Protein chains: 2
Amino acid sequence: MINKLIAKIQKTHAPIVVGLDPMMNYIPEFIQKKAFEEYGETLEGAAEAIWQYNKGIIDATCDLIPAVKPQIAMYEQFGIEGLKAYKKTIDYCHEKDLVVIGDIKRGDIGSTSAAYAVGHLGKVQVGTKSYAGFDEDFATVNPYLGSDGVKPFIDVCKEEKKGLFILVKTSNPSSGEFQDRQIDGRPLYELVGEKVAQWGEEHMGDTYSYIGAVVGATYPEMGKVLRKLMPKTFILVPGYGAQGGKGADLVHFFNEDGLGAIVNSSRGIIAAYKQEKYARYGEANYADASRQAVLDMIEDIDGALQNR
Amino acid sequence: MINKLIAKIQKTHAPIVVGLDPMMNYIPEFIQKKAFEEYGETLEGAAEAIWQYNKGIIDATCDLIPAVKPQIAMYEQFGIEGLKAYKKTIDYCHEKDLVVIGDIKRGDIGSTSAAYAVGHLGKVQVGTKSYAGFDEDFATVNPYLGSDGVKPFIDVCKEEKKGLFILVKTSNPSSGEFQDRQIDGRPLYELVGEKVAQWGEEHMGDTYSYIGAVVGATYPEMGKVLRKLMPKTFILVPGYGAQGGKGADLVHFFNEDGLGAIVNSSRGIIAAYKQEKYARYGEANYADASRQAVLDMIEDIDGALQNR
C-alpha cells in the first residue's frame with residue numbers, strides 16, 4: 001500500500017491528504033436541513049449529514065489527491081450511526097481509488113492491539129468465513145505501550161499489504177509534556193522515532209517502509225531531526241493550515257527525492273468555504289471551495305519543495 | 001460516579017471488575033451454533049454470539065461485582081455489528097446497575113479528544129437535541145499527547161459526573177520500552193502518575209478523585225511506588241490471573257482504608273470454564289464457572305488484603 005500511496009503522490013504531484021474530520025458546524029445548513037427532514041434531529045440524521053457533506057468533498061477533490069484521512073473520533077461521537085458514516089466514507093473513497101488512512105490512534109496490549117488491527121486493517125474470522133470490519137489502508141497507532149502493542153498491527157499489515165503511521169511527535173501544543181522529556185540526553189520522541197525506523201527497516205515497500213510515523217507540522221525543527229533519523233520512513237504531517245503549519249516550514253519533512261512525507265489538512269480544506277479567502281464560493285458551493293483549497297495547498301507545498 | 005463505584009465496592013466487598021473481552025474461541029459452541037443458525041456465519045452472527053455470551057456472564061455475576069470493563073477492541077474487530085454488541089452490553093450492564101468502565105484507550109489532540117469524550121462519556125448535540133453515543137461511566141485514556149489531549153475528557157467527566165482511568169504503567173511485557181525510561185532520574189510512568197495525581201486533585205469525589213490511573217498487576221513494585229505518589233487516585237489494575245498477577249502481589253495497590261484500587265480479570269473469569277480448575281462445570285454451564293471464578297477472585301484479593 002505504501003507503493004500505491006507513493007505512485008499516487010507522484011501522479012498527482014500532491015504529497016497531501018485531506019482530513020475528513022466533519023464537525024456539525026462545518027456542514028452547510030442546506031445539507032443538515034435535508035438530512036434532518038429525512039431522519040429527524042437524530043444520530044441517523046447527523047450521520048446522513050456527515051456522509052452527504054463528505055461525499056461532496058470527495059467528489060470535488062478525488063482527482064487531485066492521493067489519499068484521505070478520516071478521523072474516526074468525529075464519527076464515533078455519534079455512536080453506531082456515526083461509525084456507519086465512517087465506514088460508508090471509507091468504502092466510497094475506495095470506489096474513487098483513494099488511499100484511506102484511518103486516523104484511529106489505537107494501541108493496547110498485544111492481544112487487544114491484534115483485535116484492533118484485524119478490525120481496521122485485516123479480516124476477522126467468523127466460523128469458516130472472514131470479513132473486513134472497517135478496511136482502511138493505513139491506520140495511525142499510539143506507541144505508549146511499546147513493541148508488543150505495535151507488533152500485531154505490523155503483522156496484519158504484512159499479511160494484507162497495508163501500512164501504519166505511528167505517533168512520534170504530535171502536533172498539539174502540549175505534545176512536549178511527555179514526548180519532549182530528555183532521556184539520556186535525547187527527547188522521548190527521538191527514541192520513539194528510532195524504534196519506528198527499526199520496525200520500518202524490516203518492513204519495506206519498494207523505496208519506503210510501510211511503517212510510517214506521525215510528526216506534527218507545528219514542530220518543523222523536530223521534523224528536520226526526525227527526517228534524518230528515519231530516512232526510509234514516510235511521515236504523515238498533521239497540523240498544516242488551521243493548526244499553524246505552512247508549506248515553507250515543511251520542506252525538511254521531505255527527503256531529497258521530494259518524497260517521504262504526506263501533509264494533512266482537515267479544517268483548512270473541508271471547511272474552506274468558511275474562510276474569508278474562499279467566501280466567494282458560498283455555502284452552496286462548499287465543495288468547490290474545498291477543491292480550490294486543495295489546489296492552493298498543492299501549490300504552497302509543491303512551490304516550497306521546488307524552492308528548497 | 002467514583003462515589004458510586006466506591007459504594008458498590010464497599011457493599012459487595014469486591015474491589016474487582018470483570019473484563020468483558022469476548023473472543024470467539026472463548027464462546028461455547030452451543031452459543032455460536034445458535035447465533036450462526038439465526039444469522040449465518042456473518043458479522044451479525046458473531047455479534048449475536050458475543051452478546052448472548054456476555055449476557056450469560058453478566059446475569060451470573062452481577063450481584064457479586066461492582067463493575068465491568070468491556071474492552072472495545074474485542075467488539076470493534078467485528079466492525080459496526082460488533083460495536084452494536086458493545087453498546088447492547090453497556091446498556092444491559094446499566095440495567096443491572098453495574099458501573100461500566102469502557103476500556104477504549106482513546107487519546108488525541110484537543111478537539112479530537114473532545115469528540116471521543118462526548119461520544120463515550122457525554123452527549124453529542126444534533127440540532128436542538130442531544131444524544132449519548134456509547135454512554136460508559138468511565139473510560140480509559142492514553143496520555144501520550146499530554147494535557148491538552150486529556151483535558152477534554154476531564155471536562156466532560158465534570159459535567160456528566162463520570163470518570164477516567166489514565167494509562168500510567170501498563171501490564172504488558174514491553175510496557176517498559178518507553179514507560180520505564182529514566183527522565184531526571186525517574187521513570188516516565190512516575191511523571192505520568194504525578195500528572196494524573198495533579199489532574200485528580202482538582203477533580204475530587206468524596207474521598208477519591210474521579211480521575212484514576214491504570215497500573216498493571218504485573219508490576220507490583222511499581223504499583224507500590226505509584227500508590228504513594230497518587231494517594232487520592234483510584235487505580236485500575238489489569239493483568240490479574242491470566243496475565244500473571246496474584247492477590248498477594250496486589251495489596252500495595254490499595255490504601256490502608258482497603259480502597260483505592262479495583263482489580264480487573266478478563267479471561268480468568270469469562271473463560272473460566274476452560275480452566276482445569278472449573279472444568280467440572282462444562283461448556284453448558286460456562287456462566288456458573290464464571291460466577292465461581294469471581295467468588296474465588298474475591299476471596300483471593302480480600303484474603304490478601306486482610307493478611308497484609
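This is a predicted model: local features need pLDDT of at least 70, side-chain atom pairs count only at pLDDT 80 or more; totals for chains, interfaces and linings use all residues.
Now the charges. Eight salt bridges are found across the interface of chain A and chain B. One of them pairs A:D108 with B:K105. Their closest N and O atoms sit 2.9 Å apart.

Next, the extent of the interface. On chain A, 70 residues contact 70 residues of chain B. About 5,800 Å² is buried between the two chains, and carbon and sulfur atoms give 62% of that. Three residues to look at are A:E41, A:Y144 and A:F178. Together they supply 16% of the area that chain A buries against chain B, more than any other three residues.

Let's move to chain B itself. Eight strands close into a barrel with parallel pairing. The order is β1-β2-β3-β6-β7-β10-β11-β12. Take one pair: β6, residues 138–141, and β7, residues 163–169, of chain B run parallel, joined by four bridges. Within that pair, B:T140 stands opposite B:F165 of β7(B).

Helices pack on this sheet. Helix α9 of chain B, residues 188–201, touches β7 and β10 of chain B, at about 160 degrees to β7(B). Helix α12 of chain B, residues 286–306, lies across β1 and β12 of chain B. The angle of helix α12 to β1(B) is about 155 degrees.

Technical notes: Residues are numbered from 1 along each chain as its sequence is written. Chains are lettered from A and ligands numbered from 1 in the order in which they are written. Side-chain values use heavy atoms; hydrogens and water are left out. Contact means heavy atoms within 4.5 Å. Buried area is the accessible area (1.4 Å probe) that two parts lose on being put together, summed over both. A salt bridge is a side-chain nitrogen of Lys or Arg within 4 Å of a carboxyl oxygen of Asp or Glu. Two strands pair if DSSP finds at least two bridges between them. Helices (H or I, at least four residues) and strands (E, at least two) are DSSP runs, numbered from the N terminus. Axes are lines fitted to C-alpha atoms, for helices over the stretch in contact, and angles run from 0 to 180 degrees between N-to-C directions.
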